[in-house]
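Good morning, and thank you for the time. Please bring up the model, and I shall go through its parts in turn.

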Amino acid sequence: MLWLDDYERRARLAPGLLALLSINVALAVLGLSKAPVVVSVVTALSLAGGPVALAEVVRHQGRKAQETLWASWGGSPTIQKLRLREEGQNTLQREIWRKAVSSVTGVALPSLRSENRNPVIADEAIEVAVGQLRNLTRDAEKFPLIRAENRSYGFQRNIYGIRWVARAIAFGVGLGVLAYML
């Protein structure tokens with residue numbers, strides 16, 4: 001795919017193709033791939049930016065799901081791990097992470113007193129530091145493990161985000177195949 005990089009193909013396009021897999025299976029089983037109209041439509045979509053559009057739709061659904069999950073969890077897992085007011089954390093490990101994040105980004109993370117006084121501003125400071133850290137580690141050559149983990153996370157988030165779409169497509173295709181066979 002000339003239009004999509006490795007991350008987009010694995011984290012965005014692959015979940016979308018998995019969501020559409022039932023359509024391909026039905027076409028193969030029913031022999032509809034021999035129909036010139038079906039072949040023409042699939043070819044046109046493949047050449048006219050279909051994969052890019054699919055990847056973007058999947059990304060949007062994944063990000064929506066992420067926002068909903070993070071809101072229900074009280075913030076992203078990274079912010080939760082760096083909060084001082086969060087219960088049940090390994091305090092030694094958290095302090096090591098906080099020092100590293102502050103050192104690398106130059107952003108001073110809030111003290112426990114500051115977090116308790118204004119949790120929203122404290123979370124914003126952590127979010128800014130994490131965002132800067134993310135930008136500093138985007139080089140796939142220097143940070144291959146981070147790239148691989150981000151890609152894996154993106155795949156999982158996006159497949160979760162489109163799960164209902166995939167189920168609806170599979171159900172619709174199943175009904176269509178059943179109707180065709182009767």
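This is a predicted model: local features need pLDDT of at least 70, side-chain atom pairs count only at pLDDT 80 or more; totals for chains, interfaces and linings use all residues.

In which helix does Arg12 lie? Arg12 belongs to helix 1, residues 6-30. Residues are numbered from 1 along each chain as its sequence is written, and side-chain values use heavy atoms, with hydrogens and water left out. Helices are DSSP runs of H or I with at least four residues, numbered from the N terminus.

Is Arg12 buried or exposed? Arg12 is buried, because its relative accessible area is 14%; buried means under 20%, exposed over 50%, and partly exposed in between, with a 1.4 Å probe and protein chains only. Setting aside neighbours within four places in sequence, Arg12 is in contact with Tyr7, Ala55, Val58, Arg59 and Asn158, where contact means heavy atoms within 4.5 Å.

I turn to helix 3. Helix 3 has 24 residues and reaches 34 Å from its first C-alpha to its last, close to the 34 Å expected at 1.5 Å a residue; the expected span is 1.5 Å times one less than the number of residues. Its buried residues are Pro51, Leu54, Ala55, Val58, Gly62, Ala65 and Gln66. Just after helix 3, Gly74 takes a positive phi of about 85°. Gly74 sits in the loop between helix 3 (50-73) and helix 4, and counts as partly exposed because its relative accessibility is 38%. Beyond four places in sequence, Gly74 is in contact with Gln80 and Arg83.

Next comes helix 5. The 15 residues of helix 5 (residues 91-105) should span 21 Å at 1.5 Å a residue, and its end C-alpha atoms are 21 Å apart, which agrees. The buried residues of helix 5 are Arg94, Arg98, Val101 and Thr105. These residues cover an arc of only 70° around the axis, so they lie on the same side of helix 5; the arc is that of the directions from the helix axis to the C-beta atoms. They pack against helix 4 (77-82), helix 6 (112-117) and helix 7 (119-136). The face turned away from the buried side carries the exposed residues Leu92, Lys99, Ser103 and Val104.

At the N-terminal end, Asn90 caps helix 5, with a side-chain oxygen 3.1 Å from the backbone nitrogen of Leu92. Just after helix 5, Gly106 takes a positive phi of about 80°.

Thr105, in helix 5, deserves a separate word. Thr105 is buried, because its relative accessible area is 14%. A polar atom of its side chain lies 2.6 Å from the backbone oxygen of Val101, and a polar atom of that side chain lies 3.2 Å from the backbone nitrogen of Val107.

Finally, the nonpolar cores. Which residues form the largest nonpolar core? The eight residues are Ile79, Leu82, Val101, Val107, Leu109, Ile126, Ala129 and Val130. A nonpolar core is a set of buried Ala, Val, Leu, Ile, Met, Phe, Trp, Tyr and Cys residues joined through side-chain atoms within 4.5 Å. Helix 7 gives the largest share of this core, three residues. Apart from this core lies another, of seven residues, among them Leu13, Ala19, Val58 and Ile162.

Definitions and conventions: Helices (H or I, at least four residues) and strands (E, at least two) are DSSP runs, numbered from the N terminus. A polar contact is a pair of N or O atoms within 3.5 Å; within protein, one must be able to donate a hydrogen and the other to accept it, and residues adjacent in sequence count only if both atoms are side-chain atoms.
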